[in-house]
Structures are given as C-alpha cells and as structure tokens.
Amino acid sequence: MRIAYLLALAALAACTHNMIPGTTIPDEPRNRAVLQVLANYKQAMEARDPNALLSLAAPEYFEKGDTSRPGDPRDLEGLRRSVPRDFNGVRALKLDIDVRNLTIDGDRAQVDYFGVMRYAVAVPTGEKWFTESDDQRMKFVKIDGDWKISSGM
C-alpha cells in the first residue's frame, strides 16, 4: 500500500507545473521578463522617481485616457510633462500589486492586476494619507529584446 501511495504522489508531482509565487502564472522566462517590468514600475512608483518611470515607457506609449479627465497624458510626451508633477507634494507612496492574469502574444503582452496605492501628500497641517484601489491593465511591447510599457501607467 505504501508503494502505491508513493507512486501516486510521484505521478502528481510530475504533473504539476511551477508557478510564479503568489500567482497562477507559469514560471517561464518570458513571463518573468514581463513581470519584472511590472516590478520595476512598482519600485519606481514607490521611489517617486519620474525618470525611472519614463525609462519603462515604450516610444509609442499611448493611453486612450479617461474622457472625464481630458488633461490626462495620452502619449509619451504627455507622460514626460505630467509624471514629474504627479509626485509634487507626495511624501510617501506604497503600491501593492496582485497579478490576476498575464497574456503574451508574440511581441505584445498584457497584465491584469488589482492595484492598491497608498500615498501621503503634504498639507498645511502636515500630511494626509489617501488610498486608491482598482482593477488595472498594463500593456507591454517588446522592443530590441526588452519589454516596455505601451499603456497603463
């Protein structure tokens, strides 16, 4: 009976696929490469580093934008103008990302995730903390072997 149990466990182990920790995404080099760019985005946001964020953007970055906010950046040039201003007065920022799905199709990819951003802004009495959370989608394009963000910043 013990041998049958061990054989059953061995069969199950042979059928399991390694997943990236905390996700249901297969642990494959191309998946890790896309998710590393998302991790770099998180790190740049938390560091409030506009140059690091802009370095992650593809030259053809384009965002459809929110029609209720017509001043939002929609292309790379718009990001260059707005991202440095976005961090004015922000004293601290924490971004949590819960990856839900990753799809790669050739030189294009997209990550669906739930994001929670907590940030403190300077106010006359010190600082005030805010929280924003929502489902998000970030799209990527592969350029010269490197993944860049093409929308969703």
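The legends below go with several close-up views of one predicted protein model.

This is a predicted model, in which local features need pLDDT of at least 70 and side-chain atom pairs count only at pLDDT 80 or more, while totals for chains, interfaces and linings use all residues. Residues are numbered from 1 along each chain as its sequence is written, and side-chain values use heavy atoms, with hydrogens and water left out.

**View 1**
Let us start with the overall layout. Helices (H or I, at least four residues) and strands (E, at least two) are DSSP runs, numbered from the N terminus. Along the sequence, the elements follow the pattern α-α-α-α-β-β-β-β. Of the 153 residues in the protein, 31% are buried; here buried means under 20% relative accessible area, exposed means over 50%, and partly exposed lies in between (1.4 Å probe, protein chains only). A contact means heavy atoms within 4.5 Å. Among contacts with a separation of 6 or more, 54% are between residues 24 or more positions apart.

**View 1. The hairpin of β1 and β2.**
Two strands pair if DSSP finds at least two bridges between them. β1 and β2 pair in the antiparallel sense over 14 bridges. Look for D105, whose bridge partner in β2 is R108. Two residues lie between the strands, and G106 in the turn has a positive phi of about 65°.

**View 2. The strands β2, β3 and β4.**
Follow the chain onward from β2. β2 and β3 run antiparallel and are joined by 16 bridges, and they form a hairpin with two residues between them. V123 stands opposite G126 in β3, and F114 has D135 in β3 as its bridge partner. Next, β3 and β4 pair in the antiparallel sense over five bridges, with F140 bridged to I149 in β4. The hairpin of β3 and β4 also has two residues between the strands, and D144 there takes a positive phi near 50°.

**View 3. The largest nonpolar core, with 34 residues.**
A nonpolar core is a set of buried Ala, Val, Leu, Ile, Met, Phe, Trp, Tyr and Cys residues joined through side-chain atoms within 4.5 Å. Which residues of this core touch the most other members? They are Y41, V111 and F140. The elements that give two or more residues to the core are α2 (29-47), α3 (50-56), α4 (76-86), β1 (90-105), β2 (108-123), β3 (126-143) and β4 (146-151). The largest share, seven residues, comes from α2. Zoom in on V111: leaving out residues up to four places away in sequence, V111 touches V34, L35, L38, V99, N101, L102, Q136, R137, M138 and F140.

**View 4. L56 in helix α3.**
Why does L56 count as buried? L56 counts as buried because its relative accessibility is 11%. Setting aside neighbours within four places in sequence, L56 is in contact with V37, N40, Y41, K148, I149 and M153. The C-alpha atoms of L56 and S150 are separated by 9.0 Å, although the two residues are 94 residues apart along the chain.

**View 5. D112 in strand β2.**
Is D112 buried or exposed? D112 counts as buried, because its relative accessibility is 17%.

**View 7**
Pockets are found on a 1 Å grid over the protein atoms alone, using points where a 1.4 Å probe fits: a cavity is a set of points from which the probe cannot get out, and a pocket is an open set with protein on both sides within 12 Å along at least five of seven lines. Lining residues have an atom within 4 Å of a point. The lining is made of I20, G22, R32, L35, Q36, L38, A39, K42, I97, D98 and V99. α2 and β1 are the elements that give two or more residues to this lining, and α2 gives the most, with six. By class, the lining has six nonpolar, two polar and three charged residues. Here Ala, Val, Leu, Ile, Met, Phe, Trp, Tyr, Cys and Pro count as nonpolar, Asp, Glu, Lys and Arg as charged, and the others, Gly among them, as polar.
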